[in-house]
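This briefing summarises selected features of the structure shown below.

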Amino acid sequence: MVHGGGRPIGLHKQLRKASSTVPDSGLTGPIDIPDPAPADEPKGLRARWQRLRTSAGGTVRGLPKVARLTWQASPILTVLIVLSTVVSGLLPTLTAYIAKLLLDAVVAAIQHRGTTTRIIEVAGLELGVLTFTAISTALTNMAQQLLQERMTLTIRHRVMEHAAKLDLAFFEGSESYDLLRQASQEAPMRPVSMLNSALGLGRTAVTFASMVALLVSVSPLLALVALLAPLPAFISQSKYGSRAFMLALFVSPIRRRMDYLSTLVTTDTYAKETKLFGLGPYLVDRFRRLGQAYYARERKLTTRRNLVGTAWSLLSTAAGSGIALYIALEAVAGRLSIGDLALYTSAATAVQTAVQSLFTGFSGMYENNLYLDRLYEFLATEPRITAPARPEPLPARVHGHVEFQDVSFRYPGAEEPALENVSFEIRPGETVAVVGRNGAGKSTLFKLLCRLYDPTGGRILLDGTDIREFDPDALRGQISAMFQDYVTYQGTAAENIGLGQLADLEHRDRIVESARRAGVAERIERLPKGYDSPLGRWFDQGVSLSGGEWQKIALARAFLRDTPILILDEPTSALDARAEHDLFSRLRALAEGRTTLYISHRFSTVRQAEKILFLDHGKLVEQGTHDELMTLGGNYAELFTLQAAAYLDDDEDEEVA
Ligand SMILES: Nc1ncnc2c1ncn2[C@@H]1O[C@H](COP(=O)(O)OP(=O)(O)OP(=O)(O)O)[C@@H](O)[C@H]1O
């Protein structure tokens with residue numbers, strides 16, 4: 001994990017822990033956000049100073065990384081933006097100086113000491129500088145906007161690229177969900193913001209230094225006053241900057257809940273239930289109340305931050321006015337020229353403005369840096385399931401001999417193991433049904449076989465080799481799978497199937513063949529544009545399919561891959577009896593020569609398997625053929641009889657009727 005920003009590691013962790021303990025799903029329960037101020041916020045002056053130093057140090061250390069990011073996004077724009085910054089930093093001082101020259105020339109002309117030519121020369125110079133300023137401002141704006149776009153694209157690209165590499169465990173944890181959200185939604189704007197703040201800071205520093213130099217030449221004391229006045233405001237700004245970030249961190253789970261509530265009411269998939277159960281007003285009200293709590297927090301912080309900030313910055317204003325008065329009196333006394341007066345007045349104003357931009361710039365950088373830390377933290381999250389340094393090459397022909405040896409598994413953060421000491425062997429080409437009650441660990445077994453998770457104990461062998469010794473991508477290339485929660489892609493029918501094997505995306509004949517195997521070819525042909533019909537409602541003219549039709553499409557996607565292992569998690573849960581029967585008769589041909597595992601709750605299909613594994617509370621309690629398990633008279637026999645009895649009852653009822 002990367003801990004940029006010089007923030008103490010403990011604080012980071014503590015914050016995250018606190019922010020993820022916001023209770024409840026948001027559907028019920030209290031709507032409250034814990035106070036974002038961490039318990040250890042420094043109280044004494046010394047502690048504050050210490051903290052300022054750490055945060056300043058951290059912010060400055062954050063700069064090179066941002067510079068690298070911007071450079072990667074576009075070297076030309078980066079150079080352009082840096083150059084224009086330096087130039088535009090000098091321009092105010094130059095403008096002020098020319099104004100002084102102009103005034104002095106005018107006064108001299110009035111007093112018949114100077115010439116009109118001199119005035120024209122200075123006016124020409126002024127025009128030149130103003131034109132240059134306009135051009136340089138335009139260039140800076142252009143470079144900034146373009147860089148913003150480029151950066152956002154670069155970072156989103158990196159976030160996607162990285163997310164694609166991460167383990168399933170990362171996506172299934174709620175803490176990492178927040179991190180992902182922050183990295184993908186909040187972070188892309190931050191580097192440019194950070195760069196802008198840094199450049200603004202640089203520009204201001206140039207203006208500030210040149211102006212202060214002018215002030216020093218009048219009175220070192222005044223220069224000192226101008227320099228010291230901003231300090232209190234600076235400190236208060238840095239405090240509120242970090243509070244704002246902490247608040248954002250704390251409200252992140254609340255916002256997630258708000259998003260969820262909003263999705264429930266605005267998404268087609270949920271609309272049916274929301275309407276039927278009359279949940280609309282209830283959910284809308286929850287959203288409103290969460291929103292209010294969220295807004296109240298934001299308002300408190302924003303108003304405090306601005307009011308307190310302004311109060312402190314009044315000190316700087318007072319100092320500025322003092323300087324102006326002093327210089328005016330000096331001019332009256334004849335110790336300074338009118339031009340000097342104008343110069344110093346604008347210098348004083350510029351220093352004051354500069355001072356304010358300095359803290360806005362710095363606190364902006366500080367805040368951006370805190371967000372960027374989350375991005376770096378995300379980018380530094382490494383997948384645990386990776387290829388070994390020297391991956392074992394897969395055999396030229398994988399036979400599909402699968403062996404679980406004493407495999408145990410517990411999901412990260414779970415109390416109970418999902419699988420416990422599971423051992424079994426599947427010979428190449430065998431068809432195996434995995435059965436058991438809900439939550440018994442069946443899907444988990446499949447996830448482990450695909451190496452979406454690694455077992456916490458024991459090992460899984462494919463053709464005699466521990467699957468951890470293969471490159472996970474190569475291993476997954478040997479497996480076709482359809483999961484319980486298969487994806488319904490908002491794409492054409494051909495794309496929906498073709499995504500199962502990217503190389504075949506353009507091979508229409510193979511796609512048609514898979515559709516036929518899954519029993520959905522005829523339905524697709526009846527669509528308005530056949531295989532090129534968009535499915536789902538996101539597109540214009542998209543066709544809505546029924547649940548079973550979608551499931552057949554998902555099956556076709558799995559069948560497109562010609563792999564030695566086929567895994568189907570409840571492949572017929574949405575199919576009608578005829579479709580299920582047809583699929584299983586075809587499956588025998590499809591499964592020919594491939595190791596096939598399927599999960600099913602329908603015992604009529606389970607009994608056809610060559611081997612049945614019965615899981616109960618994560619343990620493999622029975623295994624064998626249908627006949628063997630029936631003879632055993634255990635769990636399987638009990639459930640089978642139960643289901644068969646239900647059917648028999650139905651038949652009898654029908655007969656009676
Ligand atoms: N991502 C996860 N994180 C934590 N626990 C999980 C996760 N997925 C599943 N579990 C838990 O692991 C256990 C086994 O789940 P699994 O999905 O393997 O059950 P299953 O046998 O496939 O059930 P079903 O028949 O209902 O599909 C369950 O108790 C479940 O709560």
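Predicted model: local features only at pLDDT ≥ 70, side-chain atom pairs only at ≥ 80, totals over all residues.

Among contacts with a separation of 6 or more, 78% join residues 24 or more positions apart.

**Helix H10 and the residue after it**

- Gly-278 follows H10 and has a positive phi, near 65°.

- The ligand is surrounded by 13 residues, of which Tyr-411, Asn-438, Lys-442, Ser-443 and Thr-444 are the closest.
- By class, the shell around the ligand comprises 4 nonpolar, 7 polar and 2 charged residues.
- Helix H13 (residues 442–449) supplies the largest share of this shell, namely 3 residues.
- H13 is largely enclosed by the rest of the structure, because 7 of its 8 residues are buried.
- These buried residues are Lys-442, Thr-444, Leu-445, Phe-446, Lys-447, Leu-448 and Leu-449.

- Most residues other than glycine have a negative phi.
- Arg-451, which follows H13, has a positive phi near 55°.
- Arg-451 is placed in the loop between H13 and strand E4 (457–462).
- Arg-451 counts as buried because 22 C-beta neighbours lie inside 10 Å, where the cut-off is 20 or more.
- His-112 also has a positive phi, near 60°.
- His-112 belongs to the loop between helix H3 (75–110) and helix H4 (116–165).
- His-112 counts as exposed, because it has 7 C-beta neighbours inside 10 Å, where the cut-off for exposure is 12 or fewer.

**Helix H19**

- Helix H19 (residues 577–590) has 14 residues and reaches 19 Å from its first C-alpha to its last, which is close to the 20 Å expected at 1.5 Å a residue.
- The buried residues in H19 are Glu-580, Leu-583, Phe-584, Leu-587 and Leu-590.
- Viewed down the axis of H19, its buried residues fall within an arc of 115°, so they line one face of the helix.
- An α-helix has 3.6 residues a turn, so residues three or four places apart point the same way.
- The other side of H19 carries the exposed residues Arg-578, Ser-585, Arg-588 and Ala-589.
- The cover over the buried residues of H19 includes helix H16 (508–518), H18 and helix H20 (603–606).

- Leu-560 occupies the loop between helix H18 (547–559) and strand E7 (565–569).
- Is Leu-560 buried or exposed? Leu-560 counts as buried, because it has 26 C-beta neighbours inside 10 Å.
- Leaving aside residues up to four places away in sequence, Leu-560 touches Ile-497, Gly-500, Gln-501, Asp-504, Arg-510, Ile-511 and Ser-514.
- Leu-560 and Leu-290 are 270 residues apart along the chain, and their C-alpha atoms are separated by 46 Å.
- Thr-386 is found in the loop between helix H12 (338–380) and strand E1 (402–409).
- Thr-386 is partly exposed, because 13 other C-beta atoms lie within 10 Å.
- Thr-386 and Glu-469 are 83 residues apart along the chain, with their C-alpha atoms separated by 9.6 Å.

**Annotated transmembrane regions**

- An unreviewed UniProt entry carries the annotation "transmembrane region" for residues 76–99, 119–139, 205–229 and 307–329.
- In the model, residues 76–99 are 100% helix and 0% strand, and the end C-alpha atoms of this span lie 34 Å apart.
- Residues 119–139 are likewise 100% helix and 0% strand, with end C-alpha atoms that lie 30 Å apart.

Definitions and conventions:
Residues numbered from 1 in each chain as written. Helix = DSSP H or I, 4+ residues; strand = E, 2+ residues; numbered from the N terminus. Near = placed C-beta within 6 Å. Nonpolar A, V, L, I, M, F, W, Y, C, P; charged D, E, K, R; others polar. Contact = placed C-beta atoms within 7 Å. UniProt positions renumbered as here; feature names shortened; annotations may be inferred. Expected span 1.5 Å × (residues − 1). Arc of directions from axis to C-beta.
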